Amino acid sequence: MTPITSLVTTFASFFGIYMILSVSLNLEYGYGGQPNFGKVAFFGIGAFVAGVMASRVLPLIAGVTVIDPLGPQGVEVRIAISSTRPIETIVTFVLALILATIVGGFFGYLLSYPALRIREEWFLAMVLLVSGEIVRIIVRSYPPIVGGYQGLAGVSNPFRWIGDATKASLAYAALILAIALGVYLLVDRSVNSPFGRLLKSVRDDPVASMSLGKNVQLVRAQVLVFGSGLAALAGALYAHYIGFITPDDFIPIRTFDIWVMMVLGGMGNNTGAVVGAAVMTIIDRATAMLAVECGTFSTLIEFNYVRYVLVGILMLMILMHRQKGLLPEEPVKTPAYEVMKN
Amino acid sequence: MWVIDSLVRSVLIGSLYTLMALGLTMTIAVVRLPNFAHAELITVGAYVAVLSSYLHGDVPLAIALSFVATAIVAFVCHRAVYRPMRRKGATMYTMVLASFALGLTIRYILLVWAGPAEMLQIKPKIPLTVLFTIGETPVLSVFVWSLPTAIVLVLVLHFLLHRTKTGKMMRAVADNLTLSLVTGIDLERIHDFSWIIAGGMAGIAGSLWAILYYATPYVGWTALLSVFAAVVLGGLTSFTGAIAGGFVVGLSENLLMEILNRFIGLEFTYKPLISFAIIVIVLMVRPVGLIGLLPTRVIRTTVKHDSRDDMT
Amino acid sequence: MHVTKSFESLRAVNGVSLEVKEGSLTGLIGPNGSGKSTLFNIVSGIEKADSGKIFFRGERIDGLSPHKIFGRGLVKSFQDSRLFVGMTVLDNVMIPAKNQLGEKLYNAPVRSTWTEQEIGLAKKAGKVLNSLTMKGLFKQSATEISGGQMKLLDVGRTLMGEPRMLLLDEPTAGVAPILAREIFQRILRMSKELGLTCFIIEHRLEILFEYADYIYVMHRGRILTEGNPSEILESDTVAEIYLGA
């Protein structure tokens, strides 16, 4: 694979995944007012589900027995199957995506319960944050899921069977982008509707909204389920892209990244979320590449972490000077406006 | 006997959690900001103590320097970030996000140079001696530093809050902000003071932690879950509650964990789950915590209720 | 159809029992702190009474959550006209409409399921805005209109929810006297047209007494006295509580 192709596929794949995450957070917070500080948990759950599917279900569907799904033999088997059996690979992949979304949505539903009992908003934020960490700790400590802290390898690109690594990467990148676009359109249509109005009313003033006949609790649950499901979808896509799943990949800083994307792009604006995702992808990948180049300096500083410092400072700058982000919130676009013009 | 061992550790850790929880409670109650960066203040304290011990192996000096350094960091955060944002009318969420950002930035700054400087996990250069033994459990010299310091600090804080004018003003602000503003309290000074105290306490807790164990850039963060559990147990804005909460969490994580490990075989890697379970249980059963001070402010009543509804 | 309330509750409302006749415009007056708003909050479901029963159109509604009470036709407006600040005037008006198909998440992305209803509601919203002479402002953010217009909007949007009875908490609060009268007249007109029952907390007694059919007077959490406006005007006890308060 040429460096250019590698660059393109990397950027495209990450952009697609980040876009889904950013749009989902914008849905939850920008429109719905729910501060999901535990986003990484759902991202992780999606990845873990994909891992479980790849390690247990894939061999099952392909009719191959595996003694040790989480160990080296499992890796070999997975890679062998995905290199030679297109149908089984694709089927498992699609199932993984669907299942990840459902499981993610389910956990999102569970989280709407703390929202019931908590009054102070930040308390919910804190609870979601620690919940994210707890998920990571549990998965890390309980090997049967994805191999504990050692992680799971060999969760490969679903197009591996094409044979040509470049084509496979490009194909998958294209798929990720297509799915990301689909998510964007779905969310955009969902919020430019009476539902979007409803969301904003719950966000702005839950008491008034309830007094005007809206079931606030139900709405909140719906939003969390939707947003979490999407994050998990992104997680499953990510798992198959990276190929290696480890619980320690899903640390709070990733939630923070998603928040930066949304805040930077502009809350309550779907296009803003996409813009934010694009900027973050650039920062992310650029610093990753620089880190490799600057390996010579690693005796002085650990360059990998510099990226996080930069992101942190970026967020502080945004929050202090341009809290609304780049793009402003837009009113809900429904046919009602057309009617009114007459 | 492992029980004694566990108890000793419970009390030790409990006292540290108490210090951390008190600082966080103060920020929440007086400044009305749940400072997500509180964890990093602890970490800074830990590292300052370690560095100080290498320059001069004196323990009181290390602790004192930690206090000063962390108080300064907290104050700078307040003046450079929180206060300007407040003045611009930032929402609660924006402030929370900012504190999150600050915390992460500080942590990763530490991580940037800690690796190459080989300080990723570093013990302070303090001679440890066994002072005496209870049964078979050796009591190290560090014990003498941690527990009494913690106790003294709690007493000092109590004195500060109840006997000094500034302390009383701080409590007034925590209880009823509008009323205290009407009586002409200088809010800025109170805020400045609160940050210094809260930060300093976190720093001391961090230094003691480093003395007991070691310093890593994740010190504060790993403690945060437990500290949060302590604060939740204590009812979020109660100082006495935070003290009780700190010790309960300390006990749960050590003695209770030991028991669970020995009798049910629960592995130690699951320790954070205990604090999490505490938070969940408190939320479900008694959201006001052990000592419910301001229930209507913090906890949602059966139907959502806003201060705007409290008119005639 | 009428509302009967009788209940005890410790803090602000202490043993209140009253009945509002269908189709009437009934007023609730009393000095500050007498528990009027709390009473309204309890009836509309935002707060819970410690004990007691509330009947609306023959059915008990105490203990129901506010959104269900709204669904039954009992609508309360807020003292400080709580408009949704992140939305436009039009959105604010459209919100209270009941049973919007597009509000269901599974319908929302599929326009065909709700477009027709939406257009119908938009026309209705247009009429409401027109009667408030605010139609030209439909695209404005809710924060960009005047205080008086906000009040009108708050009351006006409640009509979209097809109410049978309105609980109006100080609808003219903070508004200039001329505008206050106008607001009151609009309310009266709308309610007569639609056959609504109105229960109004109001401090501007001159205006209220001109239009009200019946008045309840609250003091320190209890109903002090009741009667039609002229009776209340002549009552010594009422004058006392106002002078003394």
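Visitor: Which residues does Ala205(B) touch, not counting those up to four places away in sequence?

Guide: Ala205(B) touches Leu16(B), Leu19(B), Met20(B), Ile42(B) and Gly45(B). Touching here is contact, where two residues have C-beta atoms, placed from the backbone, that lie within 7 Å. This is a predicted model, in which local features need pLDDT of at least 70 and side-chain atom pairs count only at pLDDT 80 or more, while totals for chains, interfaces and linings use all residues. Residues are numbered from 1 along each chain as its sequence is written, and chains are lettered from A and ligands numbered from 1 in the order in which they are written.

Visitor: Why does Ala205(B) count as buried?

Guide: Ala205(B) has 34 C-beta neighbours inside 10 Å, so Ala205(B) counts as buried. The cut-offs are 20 or more other C-beta atoms within 10 Å for buried, 12 or fewer for exposed, and in between for partly exposed, with the C-beta atoms placed from the backbone. Ala205(B) is found in helix H8 (residues 187–212) of chain B. Its C-alpha atom is separated by 32 Å from that of Ile264(B), 59 residues apart along the chain.

Visitor: Why is Lys123(B) called partly exposed?

Guide: Lys123(B) has 14 other C-beta atoms within 10 Å, so Lys123(B) is partly exposed. Its place is in the loop between helix H4 (92–114) and strand E1 (130–134) of chain B. Lys123(B) and Ala210(B) are 87 residues apart in sequence, and their C-alpha atoms are 6.7 Å apart in space.

Visitor: How many helices and strands does chain B have?

Guide: Chain B has twelve helices and two strands. Helices (H or I, at least four residues) and strands (E, at least two) are DSSP runs, numbered from the N terminus. From the N terminus on, the order in chain B is α-α-α-α-β-β-α-α-α-α-α-α-α-α. Of the 312 residues in chain B, 49% are buried. Among the contacts in chain B with a separation of 6 or more, 77% are between residues 24 or more positions apart.

Visitor: What makes H2(B) oblique to H9(B)?

Guide: The axes of helix H2 (residues 38–55) of chain B and helix H9 (residues 219–233) of chain B come within 7 Å and cross at roughly 135°. That angle makes H2(B) oblique to H9(B). Angles under 35 degrees count as roughly parallel, over 145 as roughly antiparallel, 65 to 115 as roughly perpendicular, and the rest as oblique. The axes are lines fitted to C-alpha atoms, for helices over the stretch in contact, and the angles run from 0 to 180 degrees between N-to-C directions.

Visitor: Which hand does the crossing of H2(B) and H9(B) have, left or right?

Guide: The crossing of H2(B) and H9(B) is right-handed. A crossing is right-handed if the near helix is turned clockwise from the far one by less than a right angle, and left-handed if anticlockwise. By class, the contact of H2(B) with H9(B) has eight nonpolar, two polar and one charged residues. Nonpolar covers Ala, Val, Leu, Ile, Met, Phe, Trp, Tyr, Cys and Pro, charged covers Asp, Glu, Lys and Arg, and polar covers the others, Gly among them.

Visitor: Why are H1(A) and H11(A) called oblique to each other?

Guide: Helix H1 (residues 3–31) of chain A and helix H11 (residues 270–293) of chain A have axes that come within 8 Å and cross at roughly 140°. H1(A) and H11(A) are therefore oblique to each other. Their crossing is right-handed. The contact of H1(A) with H11(A) has eleven nonpolar, six polar and two charged residues.

Visitor: What secondary structure does chain A come to?

Guide: Chain A comes to 13 helices and zero strands. Of its 342 residues, 58% count as buried.

Visitor: Why does the radius of gyration of chain A agree with that of a compact globule?

Guide: A compact globule with 342 residues would have a radius of gyration near 20 Å, and chain A has 21 Å, which agrees. The radius is taken over C-alpha atoms, and the globule rule is 2.2 Å times the number of residues to the power 0.38. Along its principal axes, the C-alpha trace of chain A spans about 60 × 50 × 45 Å.

Visitor: How many helices and strands does the secondary structure of chain C come to?

Guide: Chain C comes to nine helices and ten strands. Its radius of gyration is 19 Å, close to the 18 Å that the globule rule gives for 245 residues, so chain C is as compact as a globular protein of that length. Its C-alpha trace spans about 60 × 40 × 30 Å along the principal axes. Of the 245 residues of chain C, 46% count as buried.
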